[in-house]
Amino acid sequence: MAIEIPSIPLGDWIEGGLNWLTSEYSVVTRAISRVTQTGIDVLNDALMWLPEWGLLAIIVALCWWVANLRLGIGGALGLALIWNLGLWEPMIETLTLVVIATFVAVVIALPVGIAAALSERLYKTIMPILDFMQTMPAFVYLIPAIPFFGIGSVSAIFATVIFSMPPAIRFTTLGIRQVPVDLIEAADAYGATRSQKLFKVQLPLSLPTVMAGINQTIMLALSMVVIAAMIGADGLGSEVWRAIQRLRPGDGFEAGIAVVILAMLLDRVTQSLRKGRKS
Amino acid sequence: MNENRNVKIRVRNLSKVFGNQPKKALELRNQGLKRPDIFDKTGLTLGLSNIDFDVYEGELLVIMGLSGSGKSTLIRCLNRLIEPTEGEIVIDGENIPELSDKALLECRRRHFSMVFQNFALFPHRTVQQNAEFGLEIRGVEKEERTKVARHALHQVGLDGWEDAYPNQLSGGMQQRVGLARALANDSTVLLMDEAFSALDPLIRGDMQQELLELQHRMQKTTVFITHDLDEAINIADRIILLKDGEIVQIGTPEEILTKPADDYVKRFIEGVDMSRILTAEHAMRPVRATAREEDGPRTTLRKMHENGIDSIYVTSRDRKLQGLVEVDTLERAAKEGKDDIREIMTQDFRSVTPEEPLHNLFAMFSEKSFPIAVIDDQRRLLGVVVKGAVLDQLAQAAEPPALDEAGKDHESMAATGDA
């Protein structure tokens, strides 16, 4: 008695689309893959080339400089713990992935965010796409990443960029739109061109908001980079993953605590950068 | 007098409709409908309707009206921060509504500097960098613009504040920065949009005075928007009164006050403190008799007797004021046989210039009952003001009985002033 409604083959369509993209644009994906992998290797090697205490000193000095001595001491203790737990190398791998993913995400997000702030039509097109990107369960991005870029860190970067980009775009748009109209009017009244308005008024005034967006992006990138261990990304995530597979909660928590320390350090440093700019 | 001056901006037939399909609103307007009816019928707001006026080179023109009268729209149409719907705005031969985007930028840079009600300073720039803004936009060299901006800041009395940020300054100082930003730009026209309205009354008065001085010194063509009639009267060369997007009256402050065009203007000016607007010249009477300094006491006494006065001003041959003698001292001198009134005349009287506001004269009367002498800059006696005349004048001004009568009165005042 039930009426048979054929189910829509949505999944098949998406798969067909992805397959088509993979085969048609393999040249592009391979090029991206090569460039990204090189970037990861160079940065990772550079960070690993430094002795542990050297990098630790640099990070602590950075914390002290952008924020205060307290953050410097806290950072030193946290990093020393990671070193002591023998998680230094995975931590560096995770940091590398976060830095590169954030860099790519911000490089894409800033112009898109600016354009969306200046064009109402683009704004209306982009906002639902951002909603989609942010609410889609993060794991799902991992699946198409593999046929595009294969198993490994490049796929992790791809999924991370998509997942972590929306806040940077949103905050950039918001920041520019929040610039008081009377300041825009003042710039117009003195005959500023669109680009003069953007670079002399809108961008400088939206900088604190943009920085808040970048901070969000870094946090999301870190969480995604850890999850991306499932598709073979190196780093703290793969330590956690291994602990799950071997049912060793102790190892899992050790790696988890290292992630928390890294997250807090990244967060505090970028927050301080934002506030520092303001005053 | 105005006919001889150069027109800097000519505004003709300027209208602005807010909303889509503005033509519909203009058609209804042409059928004689007013703003509220047009809004009821179409949902469109007739912001400005058929505005005609000239701005003369070097004058300070005040556009005044209550909120919603269209004054902010009008000033923004001049530099096209708001696009006019129809009409022409010609500045130095260029019709602004017809300019291309690029030409418009150029026109704004060359001709217009604007000062805003809420200052609109850039919070991320120092005072100096704010003052430099217009020059920076125009691509002026760093060295040159630093120099010019510094000079502008000096003119508004902000030496030493160059490196402060706007949020470190008081409201009055912030608006000085706004003014410096406009002055540094050295545009041909200064647009001031309720520039002093956000300031507290004392600072506001100071700023008005300073603007007047600057304007006087630089002869900068200025269009000043305000909702405050006292402010308008205080600073304007001419006033344009707007109501519901239309011009109700254009005239000098005195014309607006003494010959209000209609009931709306009359109601508008009721709140004005007339004693600040009317001057000694308005209450001045011709001198009935003066003594000459060569006159003897007896001649002088006789003059006074004939005119029924008990004190008399003494002038030299070229009508310069020398002093005052009273009837008692004269009589005493006559008895004692003195024959030079210069010896017995007193300097214990008050003299003012014709421009002295009436409200300053009240205090002078409370001391002595002598008429106040009105003198010109060479101390020539122009006339006298007696206490009753001041009160008369204020009473008349407070409730102008009828238009034509007020007009007549104004002419007679002018005649007295010339004498």
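Trainee: Which residue in β13(B) is the bridge partner of V314(B)?

Mentor: In β13(B), V314(B) has G323(B) as its bridge partner. Before we go on, a word on the model: it is predicted, so local features need pLDDT of at least 70 and side-chain atom pairs count only at pLDDT 80 or more, while totals for chains, interfaces and linings use all residues. Residues are numbered from 1 along each chain as its sequence is written, and chains are lettered from A and ligands numbered from 1 in the order in which they are written.

Trainee: How many bridges join β12(B) to β13(B)?

Mentor: Strands of a sheet pair through backbone hydrogen bonds, either parallel or antiparallel. Two strands pair if DSSP finds at least two bridges between them. Here five bridges join β12 (residues 311-315) of chain B to β13(B), and the two run antiparallel. Helices (H or I, at least four residues) and strands (E, at least two) are DSSP runs, numbered from the N terminus.

Trainee: In what order do the strands of this sheet stand?

Mentor: The open sheet of chain B has three strands in the order β11-β12-β13, with mixed pairing. β11 (291-292) and β13 (321-326) of chain B are at the edges with a single partner strand each, so one side of each has no neighbour in the sheet.

Trainee: Which helix packs on the sheet?

Mentor: Helix α14 (residues 297-307) of chain B does, touching β11, β12 and β13 of chain B. Touching rests on contact: the C-beta atoms of two residues, placed from the backbone, lie within 7 Å. The direction of α14(B) makes about 125 degrees with that of β12(B). Helix α15 (residues 327-336) of chain B lies across β12 and β13 of chain B, at about 80 degrees to β13(B). Axes are lines fitted to C-alpha atoms, for helices over the stretch in contact, and angles run from 0 to 180 degrees between N-to-C directions.

Trainee: At what angle do α5(B) and α7(B) pack?

Mentor: Helices α5 (residues 127-137) and α7 (residues 171-184) of chain B pack at about 35 degrees, their axes 7 Å apart. Among the residues that meet are F133(B) and L135(B) in α5(B), and V177(B) and A180(B) in α7(B). The residues of this contact divide into seven nonpolar, two polar and two charged. Ala, Val, Leu, Ile, Met, Phe, Trp, Tyr, Cys and Pro count as nonpolar, Asp, Glu, Lys and Arg as charged, and the others, Gly among them, as polar.

Trainee: Is A120(B) buried or exposed?

Mentor: A120(B) is buried, with 23 other C-beta atoms within 10 Å, whereas R379(B) is partly exposed, with 15. Buried takes 20 or more other C-beta atoms within 10 Å of the residue's own, exposed 12 or fewer, and partly exposed lies in between, with C-beta atoms placed from the backbone.

Trainee: How many residues of chain A are in contact with chain B?

Mentor: 14 residues of chain A are in contact with 16 residues of chain B. On the chain A side, α9 (181-189) and α10 (194-227) each supply at least two residues, and α9(A) gives the largest share, six residues. Chain A itself has 12 helices and zero strands.
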